[in-house]
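Me: I have a fold open here and want to talk it through. Can we start with how the helices sit together?

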Amino acid sequence: MSDAPQVICPGCGAVNRVPAARLAEGPRCGQCKAPLFQGKPLALDEDGFRRHLRLSGVPLLVDFWASWCGPCRVMAPEFEAAAKLLEPRLRLVKVSTEEAQALAAELQIRSIPTLALFAGGREVARHAGAMRARDIVAWAGRALAGTTA
Ligand code: ZN
């Protein structure tokens, strides 16, 4: 991560540069004043995901899910709890594979839920199957430690 990574506002989508040392101090968007991290996963459609992937200096932890998937519903509150623990080191994102079908196909999401970690615009780790919050945090920590992003 650079000294002042780009942080995409979850409210208006504006690109903010935030000094790394201040990420944990509740930074707000320069455009709309919304908190840049809200302690919960950000639901993105395909375009939104691609924008974050291209611009975000903060690694993205993505939950690929679908409304009909029982294990996805079980994991949803665990993923939310993980967001509180992992922000602002990571941005937690939810992508519906029903809505973003082309994206899910391109990324070869074969089962859901699938968690994928993206750093520096590319995927660096993937896990298929539901996890508890503490396991999500541990897994993401290990995966991040293996990257230079
Ligand atoms: Zn904003």
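This is a predicted model: local features need pLDDT of at least 70, side-chain atom pairs count only at pLDDT 80 or more; totals for chains, interfaces and linings use all residues.

Me: Is the crossing of H2 and H4 left-handed or right-handed?

Reply: The crossing is right-handed.

Me: Which residues meet there?

Reply: From H2 come Met75, Glu78, Phe79, Ala81, Ala82, Leu85 and Leu86. From H4 come Ala133, Ile136, Val137 and Ala140.

Me: How many are nonpolar, polar or charged?

Reply: The contact of H2 with H4 has 10 nonpolar residues, 1 charged and no polar ones.

Me: New topic, the sheet. What is the strand order?

Reply: E3-E5-E4-E6-E7. The sheet is open, has 5 strands and shows mixed pairing.

Me: Which strands are at the edges?

Reply: Strand E3 (42–43) and strand E7 (122–128). Each pairs on one side only.

Me: And E4 with E5: in which sense do they pair?

Reply: Parallel, over 6 bridges. E4 covers residues 60–65 and E5 covers residues 91–96. Aspartate 63 stands opposite lysine 94 in E5.

Me: Where does H2 touch the sheet?

Reply: Helix H2 (residues 70–86) touches E4, E5 and strand E6 (114–119). The direction of H2 makes about 155° with that of E5.

Me: Which strands does H4 touch?

Reply: E4, E6 and E7. Helix H4 spans residues 133–145, and its direction makes about 35° with that of E6.

Terms used. Residues are numbered from 1 along each chain as its sequence is written. Side-chain values use heavy atoms; hydrogens and water are left out. Two strands pair if DSSP finds at least two bridges between them. Helices (H or I, at least four residues) and strands (E, at least two) are DSSP runs, numbered from the N terminus. Contact means heavy atoms within 4.5 Å. Axes are lines fitted to C-alpha atoms, for helices over the stretch in contact, and angles run from 0 to 180 degrees between N-to-C directions. A crossing is left-handed if the near helix is turned anticlockwise from the far one by less than a right angle, and right-handed if clockwise. Ala, Val, Leu, Ile, Met, Phe, Trp, Tyr, Cys and Pro count as nonpolar, Asp, Glu, Lys and Arg as charged, and the others, Gly among them, as polar.
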